[in-house]
Amino acid sequence: RMEDLTNFALDATRIEGKEDGSIIVKLCKGDKLCFYGEALVRAVVGSAKVMSHIIGKSKDHFVSSPMWNPGSLLVISAHKIQASGEYKDFSVIQVTSCSPSKKIKKKKEAGAMELVSGFHVVFKQVEHFAFQTLRLGSSWGAAAARVIRDASRQPNATVVVGSRNTGKSTFSRSLINRALNRFPEIAYLDTDLGQSEFTPPGLVSLVIVNSPLLSSSHSRLSCRKYFHKAKYFFVGAKESSFNPLGYLSAVKQGVEIYRSSFSRLPLIVNTQGWLQGLGLNILHSIVEEIQPKFIVHITKHVMSNLSFPESKNSEILSLPVRPVRTKSRVSAAEARHLSFVRYFTGKLGSFMTVAQLLSAQRPYKISFKDIWISILCLPIEGKNILKSINSAIVGLCSIQPDDLPMTKDKDNENKDCIRILDDSRVRGAPCKGLGIVRGVDIAKRVLYLLTPVTLEELKDVNVLVRGDLQVTATMSYIHTVGKKRPRASPYTTHASLQGFTEMKSRTTIKRASHMRPRGKN
């Protein structure tokens, strides 16, 4: 069945151009404006709604709906209609381009029209792009309304659980947007290491959100306008199985900070999608630590609830999974890679430009005597420590001096030695963000670090922690135009980009015995 996308004509009676290049759009009750791309949107008359959040006249809202995810396009609809005057029976919005180039490309598009530069209104599906709008379902809306209604009486905690690809992150985002219609701020504890809302992979974060989430997560990594307080904890992998003790320690620290500083706010917790074996045990530990008022379980079988005996006062709300949609053209691994790209290089970063942008950055120089180095969950000899962190992604952690080991007098005689910290001291350690070790100069006893973390924040960093986060080839090789092969970034060699980590098992290769012709020994 062909789905309705934008259901009204953008003719002269509905749109009006402004001198600053923005476009005024008039929406009637029931109108839907479906789009891909990005822009700044604000209400001029009445109000509008995007992904459960009501857009008013107070400020511009950044909205983004990537074309590579055609099954989850956002929709702008009228919310409050003008009752009288020039715009009677209309809600009016202003759409402003946030593209560096304000010029509209005069290129015909199948089923879409570029309203302002970088913002495309979609009218119909086309053969090579099965466009679909993001649908949340009435049961999701009813559950979110119930949680918010209860939080209005007393701040509560809600934990969202479910298997992979069921819609946990989408529901959490929608719940945040709905809650921000009523509350000025929301506390959000993100424990999904591989698909974080505000951080690159490998971190647990506690964030105080004060702006709606109307864009994909990678668009928020280089901008802090969505929140004003945040605490990060380094786990060092995209899955908790790599470092379960560090993961639980990080979650516990996040909960403790929430209770001590932000308990006046409702708390929303997004969890990982691992619900078997050790993963289920970890989830039970998280629920026991938080003691939430609501546990939202998103499952294919609504009648088969998870049980949480450790949290007797929790109410379980079972919801169906997201409707089947057009598959994203970007895999989960590519989305994680894009998160790293945007985190380290900003909004202009892409798979093709990331290596060149990184090579152009000026690194920080850090003396051996000013830091400790720790390697998580990997038995590496001291002589190989520098090899292991070279060209590696590291956590920029801040450990209290009292928690660091006392150095012996003979160690103080040579302060330029590398100081190695046992990984038991940095499990789930508080951190300022991530960095890439650009190079190590053994002769000068310094290393070079690339990071978006500010110099003021770096002054508190005293431990670099290496986990299981890998620098990819596209971050290391500069793409060239034409038939030339990609070349390595300056100051690197092919050998230095190989890293120093454990061998990964490959289960996709058939054994020789399975490849023998039938009938032969």
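Which residues line the largest cavity? They are V147, I148, A151, N156, T158, L175, A179, F183, I186, P266, L267 and I268. This is a predicted model, in which local features need pLDDT of at least 70, side-chain atom pairs count only at pLDDT 80 or more, and totals for chains, interfaces and linings use all residues. Residues are numbered from 1 along each chain as its sequence is written, and side-chain values use heavy atoms, with hydrogens and water left out.

**Cavities**

- The whole structure holds three cavities of 30 Å³ or more. A cavity is a set of points, on a 1 Å grid over the protein atoms alone, where a 1.4 Å probe fits but cannot get out; lining residues have an atom within 4 Å of a point.
- The volume of the largest cavity is about 60 Å³, where a volume is the space filled by probe spheres set on the points, and grid points are joined across faces, edges and corners.
- At least two lining residues of the largest cavity come from each of α1 (138-153), α2 (168-179) and β15 (267-270), and α1 gives the most, with three residues. Helices (H or I, at least four residues) and strands (E, at least two) are DSSP runs, numbered from the N terminus.
- Ala, Val, Leu, Ile, Met, Phe, Trp, Tyr, Cys and Pro count as nonpolar, Asp, Glu, Lys and Arg as charged, and the others, Gly among them, as polar.
- The second largest cavity contains about 40 Å³ of space. Its lining consists of G71, T133, L134, R135, R322, P323, V324 and R325, which divide into three nonpolar, two polar and three charged residues.

**The loop residue N69**

- N69 sits in the loop between β6 (61-65) and β7 (74-80).
- With a relative accessible area of 16%, N69 is buried (under 20% relative accessible area; exposed is over 50%, partly exposed in between; 1.4 Å probe, protein chains only).
- Apart from neighbours within four places in sequence, N69 is in contact (heavy atoms within 4.5 Å) with R325 and S328. R325 is also one of the residues lining the second largest cavity.

**Cysteines**

- A disulfide is a covalent bond between the sulfur atoms of two cysteines. The search counts a pair of cysteine sulfur atoms within 2.5 Å, and it finds zero disulfides in the whole structure.
- C397 is buried at a relative accessible area of 0%, and C431 is buried at 6% relative accessibility.

Technical notes
On a 1 Å grid over the protein atoms alone, a cavity is a set of points where a 1.4 Å probe fits but cannot get out, and a pocket is an open set with protein on both sides within 12 Å along at least five of seven lines; lining residues have an atom within 4 Å of a point.
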